[in-house]
Amino acid sequence: MRIYLVDDYEKMSKKAATIVASQMRIKPDSVLGLATGSTPEGMYKELVKMHKKEDLDFSEIKTFNLDEYYGLPKDNRESYYFYMMNNLFNHINIKKGNINIPNGMEEDIKAECIRYEEEIEKAGGIDLQVLGIGRNGHIGFNEPNLKFEALTHLVKLDEDTITANSRFFDSLDEVPTKAISMGIKTIMHSRKILLLANGKEKALAIKKALEGPIKPEVPASILQLHIDVTVIIDKEASKELNLEDHPKLKWS
Ligand code: GLP
């Protein structure tokens, strides 16, 4: 696990975009796993800039999003489909057929989850998966649980997640209570993982994820077992870490 400690959100976003862009330049037909939420917004802005100014080419890139709310149509402003179009896909030269996001409106959810896993496999697996982290330690929408859920599945969202995400909705009642999410095994099968976190409200989750015991109550803690994880955190998100315990920590 490489940990980059950066001053602030802007530096985190730039560094993350550089890593994603490097992956794309090394392998122009990379399969990228993408995340939503406030955390990667800045990274997407940087990638759009790189596409416009430096010809960063998305024409052969395939993407798989981590998750989608259950029951929100694509044109709902809070759906992750809408988020991705708005923040990234509408501004780059990706082929629409290469974009994959779970369909939260599918009636047969089990079939949709199986289909999603099959699509990832058909694409040859994910080369680089970008992750944010929930303040309860979730990755994707894998909530704290009694066991690690392996594959893409329907999730009942935690109260804490619903409260955290209500900032995007007009009221708490409008926040969906369920979502479709890649599972822990799906995420762990990615060849490389890039975990981003900023702000003090993520500090405890980051400490538990990076230093705590590996347990399904802290889904992100499983990342300690992955062979190629890069973590980029800002100063505030690193506040609870025992910095001297991390020999791989780099100031950036
Ligand atoms: C969301 C998403 C996650 C995201 C996390 C943190 O609900 N499902 O993929 O990483 O919670 O979100 P934010 O970046 O807005 O803090």
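Gln 23 lies in helix α1 (residues 9-26), where helices are DSSP runs of H or I of at least four residues and strands are runs of E of at least two, both numbered from the N terminus. With a relative accessible area of 8%, Gln 23 is buried; buried denotes under 20% relative accessible area, exposed over 50%, and partly exposed the range in between, for a 1.4 Å probe and protein chains only. Leaving aside residues up to four places away in sequence, Gln 23 touches Ser 30, Leu 32, Asp 127, Leu 128 and Lys 192, a contact being heavy atoms within 4.5 Å. The model is predicted, so that local features need pLDDT of at least 70 and side-chain atom pairs count only at pLDDT 80 or more, whereas totals for chains, interfaces and linings use all residues. Residues are numbered from 1 along each chain as its sequence is written, and side-chain values use heavy atoms, with hydrogens and water left out.

Two packed helices are described by the angle between their axes and the distance between the axes. The axes of α2 (residues 41-54) and α3 (residues 80-87) come within 10 Å and cross at roughly 40 degrees; axes are lines fitted to C-alpha atoms, for helices over the stretch in contact, and angles run from 0 to 180 degrees between N-to-C directions. Helix α2 is therefore oblique to α3, given that angles under 35 degrees count as roughly parallel, over 145 as roughly antiparallel, 65 to 115 as roughly perpendicular and the rest as oblique. Glu 41, Tyr 44 and Val 48 of α2 meet Tyr 83, Met 84 and Asn 87 of α3 in this contact. These residues comprise 4 nonpolar, 1 polar and 1 charged, where Ala, Val, Leu, Ile, Met, Phe, Trp, Tyr, Cys and Pro are nonpolar, Asp, Glu, Lys and Arg charged, and the others, Gly among them, polar.

Val 48, in helix α2, is buried at 11% relative accessibility. Beyond residues up to four places away in sequence, Val 48 touches Asn 87, Leu 88, His 91 and Ile 92. The C-alpha atoms of Val 48 and Glu 60 are 16 Å apart, with the two residues 12 apart in sequence.

In helix α7 (residues 203-211), the buried residues are Ala 203, Ala 205, Ile 206, Ala 209 and Leu 210. They cover an arc of only 160 degrees around the axis and therefore lie on the same side of α7; the arc is that of the directions from the helix axis to the C-beta atoms. Among the elements covering them are β1 (2-6), β9 (192-197) and β10 (229-234).

Val 6 of strand β1 is buried, at 1% relative accessibility. Val 6 and Ser 238 are 232 residues apart in sequence, with a C-alpha to C-alpha distance of 9.4 Å.

The whole structure contains 6 aromatic pairs, defined by rings of Phe, Tyr and Trp (its six-membered ring) with centres within 6.5 Å; planes under 30 degrees apart are stacked, over 60 edge-to-face and the rest tilted. The rings of Tyr 69 and Phe 169 are edge-to-face because their planes stand at 80 degrees, with centres 5.8 Å apart. Tyr 69 in β4 (residues 67-69) and Phe 169 in the loop between α5 (159-165) and β8 (178-181) are 100 residues apart in sequence, so the pair ties together separate parts. Both Tyr 69 and Phe 169 are buried. Tyr 80 and Phe 141 are stacked, 6.0 Å centre to centre with 15 degrees between the planes. This pair links distant parts of the chain, Tyr 80 being in α3 and Phe 141 in the loop between β6 (128-131) and β7 (153-156), 61 residues apart. Tyr 80 is buried at 9% relative accessible area, and Phe 141 is buried at 2%. Tyr 69, Tyr 80, Phe 141 and Phe 169 form one aromatic cluster.
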